[in-house]
Amino acid sequence: MSNVKTSQTQQQFIYPDMKFMGWLDTSQFLGYLNGTRNYGQDLKLWIRGNRMMALENTNPANATWASMAIEHFQFAADGDYAEAGNCVKTRLRMYVDQWLASGFDANGLEEPQKRHLLPEHSTPNSDLTTFLNRWLSTHHPQATVFATGEIRQQYSRRTEVTRDNAVSPIQDANDELARELIYYLQSPLKWTLTRCANAKCGHYYVRRRPRALYKSPTYCSACRRSATARLAMDRKRAGERHASLDAAAIAFNRWPTLSDSTRRRYRSDERAYITQAVRRFGISRTWVSRNLSEIERVAGGSNHATRKS
Ligand SMILES: [Zn+2]
């Protein structure tokens with residue numbers, strides 16, 4: 001019972017009222033951020049779909065729209081779509097990173113619900129408030145009443161289809177960027193999205209069980225898994241090294257006690273004798289030579305018969 005209550009409190013704390021606006025397509029948003037999805041390709045498909053619809057239109061009532069849409073939905077050069085895709089990825093990361101950074105204090109302590117928009121996290125050219133305010137002054141949402149009584153606002157793509165408003169892929173990318181960021185900032189993801197602290201990874205992911213406070217860096221599930229695997233491997237290697245040093249130390253201590261005939265079998269080569277004693281660990285003579293002082297140290301401190309020299 002108390003558990004339920006705690007999680008509800010936490011839920012309310014982390015997700016205050018978020019009802020007034022629409023739907024962030026989480027997988028699309030994460031895809032653009034992580035580079036697994038390309039806006040340029042999505043845009044090209046969208047234009048192709050609209051163009052096909054206009055070309056195949058047989059309804060006389062839509063004839064005017066269709067003739068304008070055929071003009072409007074023209075393909076651009078492939079390079080322009082590539083540039084548009086790149087623009088969305090790069091700038092989305094830039095703005096999202098600023099937003100995520102605002103939740104950290106100087107000591108690396110993270111409180112996601114303290115994330116905010118302030119110029120201190122950006123240069124004037126990369127200020128998200130300025131970018132969104134400028135975009136919003138010319139793009140207005142469509143508001144729709146839902147059966148629940150909620151009013152949701154949506155920003156649609158290229159609302160006006162006219163002959164004279166040819167739109168370049170870069171312009172489309174800029175609009176998409178603004179829409180993605182607006183929906184992001186109106187969704188719970190604004191608090192639950194985070195970026196893997198492993199600098200070589202930097203994967204963006206959503207925290208399934210968000211906490212109010214993070215005292216140490218957090219990692220994506222892939223990095224967490226590989227860290228666990230690495231730790232297990234380190235332990236195994238440490239264990240193997242321990243066992244091989246032990247075996248080498250026993251051989252080291254035994255060498256002076258061997259009969260002359262046994263020694264002759266090893267051509268009186270002590271290291272050859274130690275090497276055969278640790279062969280089962282896949283260890284070479286070079287390893288024995290390199291670790292001789294360590295073997296001696298273990299041999300001196302071990303419980304096996306001490307070496308008579
Ligand atoms: Zn990672």
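**Figure 1. Ser 268 in the loop between H10 and H11.** Because Ser 268 has 12 C-beta neighbours inside 10 Å, it counts as exposed (a residue is exposed if 12 or fewer other C-beta atoms lie within 10 Å of its own, buried if 20 or more do, and partly exposed in between, with C-beta atoms placed from the backbone). Its phi is near 55 degrees, a positive value in a residue other than glycine. Arg 267 lies in the loop between helix H10 (260-265) and helix H11 (270-277). Arg 267 also has a positive phi, of about 50 degrees, although it is not a glycine. Arg 267 counts as exposed because it has 8 C-beta neighbours inside 10 Å.

The model shown here is predicted: local features need pLDDT of at least 70, side-chain atom pairs count only at pLDDT 80 or more, and totals for chains, interfaces and linings use all residues. Residues are numbered from 1 along each chain as its sequence is written.

**Figure 2. The protein as a whole.** The secondary structure comes to 13 helices and 4 strands (helices are DSSP runs of H or I with at least four residues, strands are runs of E with at least two, and both are numbered from the N terminus). Of the 309 residues, 19% count as buried. Among the contacts with a separation of 6 or more, 63% come from residues 24 or more positions apart (two residues are in contact if their C-beta atoms, placed from the backbone, lie within 7 Å).

**Figure 3. Helix H7 and the helices it packs against.** H7 covers residues 169-185, and its 17 residues should span 24 Å at 1.5 Å a residue, which agrees with the 24 Å between its end C-alpha atoms (the expected span is 1.5 Å times one less than the number of residues). The buried residues of H7 include Asp 172, Ala 173, Glu 176, Leu 177 and Glu 180. The buried residues of this helix pack against helix H2 (26-34), helix H3 (39-55), helix H5 (78-101) and helix H6 (128-136).

**Figure 4. The packing of H5 and H7.** The two axes are 9 Å apart and the helices pack at an angle of about 30 degrees (axes are lines fitted to C-alpha atoms, for helices over the stretch in contact, and angles run from 0 to 180 degrees between N-to-C directions). H5 is therefore roughly parallel to H7 (angles under 35 degrees count as roughly parallel, over 145 as roughly antiparallel, 65 to 115 as roughly perpendicular and the rest as oblique). Residues of the contact include Ala 84, Val 88 and Leu 92 of H5, and Ala 173, Leu 177 and Leu 181 of H7. By class, the contact has 11 nonpolar, no polar and 6 charged residues (Ala, Val, Leu, Ile, Met, Phe, Trp, Tyr, Cys and Pro count as nonpolar, Asp, Glu, Lys and Arg as charged, and the others, Gly among them, as polar).

**Figure 5. The crossing of H3 and H5.** The axes of H3 and H5 come within 6 Å and cross at roughly 130 degrees. H3 is therefore oblique to H5. Tyr 39, Gly 40, Gln 41, Leu 43 and Lys 44 in H3 meet Tyr 81, Ala 82, Ala 84, Gly 85 and Val 88 in H5. The residues of this contact divide into 6 nonpolar, 3 polar and 1 charged.

**Figure 6. Thr 192 in helix H8 (residues 189-192).** Thr 192 is partly exposed, because 17 other C-beta atoms lie within 10 Å. Leaving aside neighbours within four places in sequence, Thr 192 is in contact with Val 206, Arg 207 and Pro 210. The C-alpha atoms of Thr 192 and Gln 113 are separated by 8.8 Å, and these residues are 79 residues apart along the chain.
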